[in-house]
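Please look over the sequence and the structure shown below.

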Amino acid sequence: MVNQKLLLVFLPLLLAVSLRADDDVFEDDLDESSQTSDEKEQYKPAMFVAPKLTDGSNPNFFDYFPVGSKIGQTWIKSLAKKDDVDSDIAKYNGEWSIGPPTKVSIEGDLGLVVKTKARHHAIAAKLDTPFVFGSDNFVVQYDVKFEEGQECGGGYLKLLSEGAEKDLANFQDKTPYTVMFGPDKCGATGQVHLIFRYKNPVNGSISEYHAKQPSNIGTSYWDDHNTHLFTLIVKPTGDFAVNVDGKSLFYGNMLSDVSPALTPPKEIFDVTDLKPEDWDEREQIEDESAVKPDDWDENEPQSVVDESATKPYDWNEEESELIPDPEAQKPQDWDEEMDGSWEAPLIDNPACKGLSGCGTWKPPTIKNPKYKGKWVRPKIANPAFKGKWSPRLIDNPNYFEPKPFAGLAPITAVGIELWTMSENILFDNILIASSENDAADIAKQTFYVKQQEEYQLAVASGSNNGIFQQIIDATNEKPWLWAVYVLCVLLPIIAIGVFCFGKPTKPVPNFAKKTDAYSADDDDKVPNLVDDDEEGNVEDDDENQPGPSGSNDQPLVQEEEDEDAADQQESNSKTASSTSSAAEEDDDEDEHVVHENEPMQPTEEVAKKSPKVTGGAKRRTARRGD
């Protein structure tokens, strides 16, 4: 019962956890379920409302691609060529356009669209004001939609370093950038890049530092064909946070959560230090004093023919193990001049079925007991061993203690440079600023409105993902939900099984040990063996019997002797092997006769309470201990 109560308490808790974890996946399921197929109406796209910045907001860059935008105005298509690749694919000849998505959910909402696949694409725009890393936060936000999904390709932004704005038409993969951020996928795995290019203040070198990725982010951002919002926030302390659709994907700090580590090692190996010529790194060497034993024969084969083997009695040497397939036919298009002479494929010989084998019999081989292989000298410890050599450590001349924003170059332009195997990738609402509030406000005016309208369009067209697909998408992002789902399925089954098929525990009967000693409870255990008519006679006879209810008191010693004699007589009667049927009848009669000196249990109250025995039953009494 306790286990059943625990199940009833634990099951609602698990269901609550599952629902709470998936609120982002199923938040609109109620509206969907309430709208039946008969109630669906023709979807009408909403009218686009241009987002407005709050008073006092001054982002470094914001483009929502208003109606009338054209390539070549703000966004400049690259005319450059990639280095170190074939000329056929070196050009950035991918096509761009500013237009609506293929399925319009908001009339007049445009974006920057990748129109071709299997090509290099590059395009860039100059910031309204450069972003200089100082005491302000660095915020990047944009939404992207992979209308055709994504097989292999990116959807990330490059925040270009100071100087790139001077020649956007030559923007390419080697153009310096300060931060790269956004989704990238190839095959079954995807990631959201966050790469910093940091300058060493000592030697001036610039290196890339990659933020550590979560173990599994799934592929729904690329495969569900919906718009997704990507937000990056970097603070002067080095703390960064990457959010997708307003929810945290991963976070960390530039000083501890990037690879390689931003802080260089204090000591490094001296590249000028050389290993001495007499330095011996061998731990063991061959024993030169060892000699091959005289009985070591290297020519002995590893296996020999088993001379004791005999051919099985049913071995058929006249039949071949394989024969040409008699049912095979030469293909009609077989050309013997080009394909050669046709031969039927070989199959197992049916005449050999059930036999030990067919064809020429050869005795098997066994391991040669004399085989020892090639002799080699044993190894011994090297007396000249000095250990593994390594260069000495010296102070790192390029060591510095980094300050997160100190080594990041100012950003003056934003670019998109990618190779993709999918087309119709739409970028929209690109924001670069220092205010998290601006990013949240723009997302509220653009992405969340678009997300709702896309959902309504999917419901109206019947192309929205079902609940099972949403469950799978949720587990791709949060694999631990599989455990919750399994428990939510198993626990109700277990609970139903317990309630429906569980059986109460039966009490174990208490069998008291049989004994000849008299107890007060024996009165209730004496069976009713007399009729009501004989009750009076029984009472009279009981008065003349020795025992607790009789008036004829006998010594205790005499009573014990009588009991022992009766037990001995009963034992002898059971072990006798030659007892006749007549003797058995006499024994039965003796059981019904009250002996003169036999002690009796009180039977008056028992006889009075017992029902009458039908028929003329003989007078019977029970002996104590039976």
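Is Ala409 buried, partly exposed or exposed? With a relative accessible area of 30%, Ala409 is partly exposed, where buried means under 20% relative accessible area, exposed means over 50%, and partly exposed lies in between, with a 1.4 Å probe and protein chains only.

## Basis of the report

This is a predicted model, in which local features need pLDDT of at least 70 and side-chain atom pairs count only at pLDDT 80 or more, while totals for chains, interfaces and linings use all residues. Residues are numbered from 1 along each chain as its sequence is written, and side-chain values use heavy atoms, with hydrogens and water left out.

## The surroundings of Ala409

Ala409 sits in the loop between β25 (393-395) and β26 (411-420); helices (H or I, at least four residues) and strands (E, at least two) are DSSP runs, numbered from the N terminus. When residues up to four places away in sequence are not counted, Ala409 touches Phe133, Ser161 and Thr178, a contact being heavy atoms within 4.5 Å. The C-alpha atoms of Ala409 and Val179 are separated by 9.3 Å, although these residues are 230 residues apart along the chain.

A search of the whole structure finds 14 salt bridges, each defined as a side-chain nitrogen of Lys or Arg within 4 Å of a carboxyl oxygen of Asp or Glu. One of them joins the side chains of Lys82 and Asp173, at 3.2 Å from N to O. Lys82 lies in the loop between β3 (75-77) and α4 (87-90), and Asp173 in the loop between β10 (157-161) and β11 (177-186), so this pair ties together parts that are 91 residues apart in sequence. Lys82 is buried, at 14% relative accessible area, whereas Asp173 is partly exposed, at 25%.

Arg392 forms another salt bridge, with Asp273, and the closest N and O atoms are 3.2 Å apart. Here Arg392 belongs to the loop between β24 (379-381) and β25, and Asp273 to the loop between β18 (267-269) and β19 (284-286), 119 residues apart. Arg392 counts as partly exposed at 47% relative accessibility, while Asp273 counts as buried at 17%.

## A network of shared partners

The side chains of Lys450 and Asp109 also meet in a salt bridge, at 3.5 Å from N to O. Lys450 is in helix α8 (residues 447-461) and Asp109 in the loop between β5 (106-107) and β6 (111-114), so the pair ties together parts that are 341 residues apart in sequence. Both Lys450 and Asp109 are buried. Through salt bridges that share partners, Asp109, Asp143, Asp428 and Lys450 are joined into one network.
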